[in-house]
Every structure is written in C-alpha cells, then in structure tokens.
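Let us go through this model by question and answer. Please keep the sequence and the 3D view open.

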Amino acid sequence: MEGAEAASLLGERGQGRLAQFKTYRRRWFLLAAICLLNCSNAMLWLTFAPVADKAAAYFHVSLEMVNWLSIVYLLISIPFGLVATWVLDSVGLRCAVILSAWLNMTGSIIRMLSVLKFLSLGSQSYWYLFIGQCLCALAQPLIIFSPTKLAALWFPDHQRATANMIASMSNPLGILIANVLSPALVPEGKHIPLMLGVYAIPAVTACALATVGIHEKVPPTPPSASATNSTSQPFLTGLKMLLRNKPYIMLAVCFGGGIGMFTCFSALLEQILCEKGYSNTSRFRHQAVMLAITSSLFGFFGFAIYPIAMELAVECSYPVGEGTSTGLIFVASQIEGVILMILLQALTVRVSEDPSSTCALDQDGALDWTTPVLVLAGLCSAMACFYVIFFHTDYKRLHAETNSGDLVKAEDTATADVPEA
C-alpha cells in the first residue's frame, strides 16, 4: 500500500477527530520500564565477552564454548524474532513487555544457580548457565522490537523520534555497562558468582516495574493519526508487503549487516586485543590513544544511526505494523551476525605464545585475529557504500499523516460553510 492509500485509510479512521488526540503522563513510565529492560538484557547478553578467558577457566570450558553464550542470542532470535513480531502487532505491547521481562528475570536467576556451590553441579554448571542465557535470548526480540511500537502508540508525532531514540539507545548503554562492569567485578575468575548476582538486580527490578506498572496495551485515546492505524495490516500480509518493498530490503540488508558486525565486534573484542598485549589491567602497547579514538568513532557514529534506522524502517514500510517492520530487520541482522561470527572465527590463525600476549592460552596456543578484522572492515565499508548509493525512499507515514490532516481540515471547513437547516 503506497502513501495515497495509507492517507486514505488514515482519513477514514480519523475524520473530524483531530481534537480527540491526547497524551498521557504514564507514557514516560512505560518508556523508563522498557529502557531498564532493554539495558538489562544487553548486559546479560555480553556478561562474559569482556572476561571470556576467565570465564573459560572458571567453568573449565574452551573459549569457543564461552563464545556460544553470545552466539546463542543470535541463533534463538532468528526463529523467535518472527514470533515476537506477531506478538507485538497482534497480541499487544503490554503482553510483549511483561513476557520479555519474566523471561529475562528467569534467565538471570538460572544463571546464578550455575555458580551456587551447595548445588554441587560440577561439569553441569556450564549448561545451567547456557539454559539461563537461552531464556534471556528469548526475551531479546520482544525487547528490541518494543521501542518503535511504544513510540507509535503512546507518543505524539513530534516526540516519536525522541522516545524511540531513548528506548533504543538503552541497549548499547547496556553493552557499554557490561564492557566496563564485567572487568571491574572479575579481576579473577573466582569473582564470577558476584558478577552474576549484580547483573540479576536490574533484571528483577525491570520485571517488577513491568508487571506492576503496565496495565494497558494502548492508550484510551491515541496521541496521533497514525496511532489509530498502528496495526492495520495482518501479520502475514505485512510480511508479504515488506518482502516486495525494495527500499526496505536494502535497509534490512545494510543496516542489519551493521548490527551483525557490531555484535561480532562486541562479543570478540577482548579475544582480538589480548593477543596483542591488551588486558583489563594493562595498557595496550603504545596504542592506547589510537584504540580509544577508533572505538569512540565507531560507537559514536554506529550508535547514532540505530534509532534513526528503526524510524526509517517504519516510514518506508508504512502501513505495516511497527513490530513487523523493525522485527524483520533485527532477524536479518541476527542471521548476518551468526554468519559473521562463524566466518571470523574460521579465519583466525593459531600462533605460538607471544611474550606480550595477555590471553589465557589453551593447549593449542593463542589466536591471531588480523585477517578477520580486515575482512570485517572491508564488509563494513562495502555495505556503507551500497546503502549511500542505492537507498532511496518516501516517508510514507509522514506523508499519510500530512495528507490526512489536510483532508480533515478541508472537511471541517466544508462543514462550517454549510448553513443550518
């Protein structure tokens, strides 16, 4: 459905009712609850990435097994991402948020069980940890897809981008916290139980806020014209429309690839740097400033585009539901992320022990990540160029709202000009 048809649909649902649009203060509570939940889930995702070598030694597993604690998020979210889009657009935002909050909290608690000594789990402790991580991974699609839905349903058009930005950026904030907090909490492997306990606190808090504080899936009165039409297309119809939408497909491939690359970078960074002499307690050899600058630039420009791309996905796919349009991009990013994680690990080269290396070596030696990093940089550049050259789209939701507003004003004027009988 193109912009004219969408505007007509809005006009039919919103004639003469512009004065009925209303906002509610509790929208900010919903935003805060989703932000905390999003941040907590990201922290649980990358709990072990900054301390991968210590986690491997503590649980008596290989680094590849520790990497699977991150990869499982990608694998589970591919099939469950489609379920999450259906839940958001068909069942509603309230159910999706509460379900994700309970999955997130339950997963964090099961992770803690893996390190309780009185349970005497022995070699099974890793699998308890893995099961908890799987439950947290089930929650991720529901959480990641919620910001655009929340912004569309509860916020007026001039606040949608801001609300989406705040809720979406809480995910990279959680990644930042995990990368700073995990090394601080785990100077040695024996402190891993403390780390798991600390990370469970935000998950429990977010679950309590979502369960007690979220009572409605939509506001009694919509805040904008498009909010009245937020779930106009059935789920399968929306999927078919997206798959025929060329600008949307380009956005899904390019932006999804960007998310996949960031996922790989976040999960593997500690393993990439330790072979060159970096650790959580020692400086990177003569390159601390360069490392800080490049990481800051990557984060500044990479994070800034995230909420914009989510809004752009909704604009170029309207009137498909927000959960479906953002969800399919996320599923694409997870598929690309899994492929990249496997590819990059396959491209590593075993090297003999380097005196400057700070990696916790196994019997086969350390891994050199030079080739994988160069491949990742090349793919990032190629996707950026492809997007800039080939992506063009109309802002269908904005055009529909503008046309609908003009239509209603014209009808009100015509009504006012008609003399009373």
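Q: At which residue does helix 6 bend?
A: This is a predicted model: local features need pLDDT of at least 70, side-chain atom pairs count only at pLDDT 80 or more, and totals for chains, interfaces and linings use all residues. Residues are numbered from 1 along each chain as its sequence is written, and side-chain values use heavy atoms, with hydrogens and water left out. Helices are DSSP runs of H or I with at least four residues, numbered from the N terminus, and a bend is the angle between axes fitted to the seven residues ending at a residue and the seven starting there. A proline, proline 147, follows within four residues of the bend, which is about 40° and sits at serine 146.

Q: How many residues of helix 6 are buried?
A: Buried means under 20% relative accessible area, exposed over 50%, and partly exposed in between (1.4 Å probe, protein chains only). Helix 6 is mostly covered. Of its 30 residues, the buried ones number 25.

Q: What span does helix 6 reach from its first C-alpha to its last?
A: The expected span is 1.5 Å times one less than the number of residues. For the 30 residues of helix 6, 44 Å is expected. The model comes close to that, at 43 Å.

Q: Why is the pair of phenylalanine 145 and phenylalanine 330 given the class it has?
A: Rings of Phe, Tyr and Trp (its six-membered ring) pair if their centres lie within 6.5 Å; planes under 30 degrees apart count as stacked, over 60 as edge-to-face and the rest as tilted. The structure holds 11 aromatic pairs. In this one the ring centres of phenylalanine 145 and phenylalanine 330 are 5.4 Å apart and the planes stand at 80°, so the class is edge-to-face.

Q: Which helices does the pair of phenylalanine 145 and phenylalanine 330 tie together?
A: Both phenylalanine 145 and phenylalanine 330 are buried. The pair links parts 185 residues apart in sequence, because phenylalanine 145 lies in helix 6 (residues 125–154) and phenylalanine 330 in helix 12 (residues 322–346). The two are helix 6 and helix 12.

Q: Are the rings of tyrosine 387 and phenylalanine 391 stacked or edge-to-face?
A: Tyrosine 387 is partly exposed at 25% relative accessibility, whereas phenylalanine 391 is buried at 11%. Their ring centres are 4.9 Å apart and their planes at 15°, so the pair is stacked.

Q: Where is histidine 60 found, and is it buried or exposed?
A: Histidine 60 has a positive phi of about 60° although it is not a glycine. The residue is found in the loop between helix 3 (52–59) and helix 4 (63–91). With a relative accessible area of 71%, histidine 60 is exposed.
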